[in-house]
Amino acid sequence: MKSNIVLIGMPGVGKSSVGVVLAKALGYGFVDSDLVIQSVEKRLLKEIIEDEGYEGFISVENRINSSISVERSVIATGGSAVYGAEAMKHLASAGTVVYLRASFETVNARLTNLEGRGVAMRGKQTLLDLYNERIPLYEKYGELTVDMDGIIIEEAVRRIKDRLSVFHGKI
């Protein structure tokens, strides 16, 4: 069995919040790939996007996510991680990729400051444009899908653990 759990999904879906609680529940480590990127680059995500532009940020994210090497950890990726084919191949080889799915309405209600969060968007792209663009990528890479609409963190963790148990056997 792959030793890590990799969480993917839209910004605001709860990857980091759920990831921390899931890691505690499993006795795993926790890695937030956005924080790894900021640490390696010594800049905030929004500064990387400002300095490097959209494509530059995606390249930085892909490079750094491709180098994450941990065991028995929950890895919460940034929402744009799915644009990096090399990174997603690397992460999928090291862990089970779990897509945390939420409706556009849920994502829109949770996100109030896209720029401050460092959400990578092209030019005049709207959140709905971004959502529609990314959903097929999340569906492509996600080995398991957990619906996040209308649930609390503990319920999300229970659903993930249940899905992983069915997928892998007892974890």
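Predicted model: local features only at pLDDT ≥ 70, side-chain atom pairs only at ≥ 80, totals over all residues.
Two strands are taken to pair if DSSP finds at least two bridges between them.

Strand S4, residues 95-101, pairs with S5 in the parallel sense, and four bridges join the two. One of the residues involved is Val98, whose bridge partner in S5 is Leu144. These strands belong to an open sheet of five, ordered S2-S3-S1-S4-S5, in which the pairing is parallel. Which strands stand at the edges? They are S2 (29-32) and S5 (144-147); each has a single partner strand, so one side of each is left without a neighbour in the sheet. From one strand to the next, the twist averages 25°.

**Helices against the sheet**

Helix H1, residues 15-26, packs on the sheet and touches S1 (4-8), S2, S3 (73-76) and S4. The direction of H1 makes about 165° with that of S2. Helix H7, residues 127-141, lies across S1 and S4, and runs at about 145° to S4.

Helix H8 (residues 153-168) contains Glu155. Is Glu155 buried, partly exposed or exposed? Its relative accessibility is 23%, so Glu155 counts as partly exposed.

**Aromatic pairs**

The structure holds three aromatic pairs. Here are two of them, side by side:

| Pair | Ring centres | Plane angle | Geometry |
|---|---|---|---|
| Tyr54 and Tyr83 | 6.3 Å apart | 70° | edge-to-face |
| Phe104 and Tyr131 | 5.6 Å apart | 70° | edge-to-face |

Why do these pairs count as edge-to-face? The label applies because planes over 60 degrees apart count as edge-to-face, and the planes of Tyr54 and Tyr83 stand at 70°, as do those of Phe104 and Tyr131.

Tyr54 sits in helix H3 (residues 45-65) and Tyr83 in the loop between S3 and helix H4 (85-94), so their pair ties together parts that are 29 residues apart in sequence. Both tyrosines, Tyr54 and Tyr83, are buried.

The other pair brings us back to H7. Phe104 lies in helix H5 (residues 104-110) and Tyr131 in helix H7, so this pair ties together parts that are 27 residues apart in sequence. Phe104 is buried, with a relative accessible area of 18%, and Tyr131 is buried too, at 13%.

Terms used. Residues numbered from 1 in each chain as written. Heavy atoms only, no water. Axes fitted to C-alpha atoms, helices over the stretch in contact; angles between N-to-C directions. Contact = heavy atoms within 4.5 Å. Buried < 20%, exposed > 50% of the residue type's maximum accessible area, 1.4 Å probe, protein only. Phe/Tyr/Trp six-rings, centres within 6.5 Å; stacked < 30°, edge-to-face > 60°.
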